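Please open the model in your viewer and get ready to select a few residues. We will go step by step.

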Amino acid sequence: MPPQNQDSGMAVGSLVCSIVGLVACGGLLSIVGIILGHIALSKAKRGEAGGRGMALAGVIIGYVAIGLVLLTVIIVVIIGISTNWRGFR
């Protein structure tokens with residue numbers, strides 16, 4: 001088996017973007033983290049890079065962050081629809 005390259009910059013970037021996206025409720029950063037994580041996972045699978053665990057964690061945290069953002073938007077829309085708000089009259 002050839003030695004594995006330990007280039008894990010994309011995996012680290014994925015994890016950092018996903019964590020910052022989760023903490024800051026930033027959907028865009030979470031999407032970047034998911035994309036970087038999938039690229040890093042495919043590179044790790046081919047043996048071109050290391051950091052498979054970090055890439056997997058970045059993808060999972062990114063999806064959780066996107067889910068929480070969507071859940072928040074849905075709840076706000078439901079509350080807005082269910083209240084009797086008449087606007088600026």
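This is a predicted model: local features need pLDDT of at least 70, side-chain atom pairs count only at pLDDT 80 or more; totals for chains, interfaces and linings use all residues.

Start by selecting residues 12-41 and 53-81, where an unreviewed UniProt entry places the feature "transmembrane region". In residues 53-81, the end C-alpha atoms lie 42 Å apart, and the span is 100% helix. In residues 12-41, the end C-alpha atoms lie 11 Å apart, with 90% helix and 0% strand.

Next, select helix α2, residues 27-46.

Now colour S30, G33, I34, G37, A40, L41 and A44, which are buried in α2. They cover an arc of only 140° around the axis, so they sit on the same side of α2. Why can residues three or four places apart point the same way? An α-helix has 3.6 residues a turn, so such residues do. Show α1 (9-23) and α3 (52-82) as well: the buried residues of α2 pack against them. Turn to the other side of α2 to find L28 and R46, which are exposed. Just after α2, click on G47, which takes a positive phi of about 85°.

Finish with the cysteines. Is C17 buried or exposed? C17 has a relative accessible area of 16%, under the 20% cut-off, so C17 is buried. C25, at 60% relative accessibility, counts as exposed. If you look for disulfides, the count comes to zero.

Note on methods: Residues are numbered from 1 along each chain as its sequence is written. Side-chain values use heavy atoms; hydrogens and water are left out. UniProt positions are given in the numbering used here, feature names are shortened, and annotations may be inferred rather than shown by experiment. Helices (H or I, at least four residues) and strands (E, at least two) are DSSP runs, numbered from the N terminus. The expected span of a helix is 1.5 Å times one less than its number of residues. Buried means under 20% relative accessible area, exposed over 50%, partly exposed in between (1.4 Å probe, protein chains only). The arc is that of the directions from the helix axis to the C-beta atoms. Contact means heavy atoms within 4.5 Å. A disulfide is a pair of cysteine sulfur atoms within 2.5 Å.
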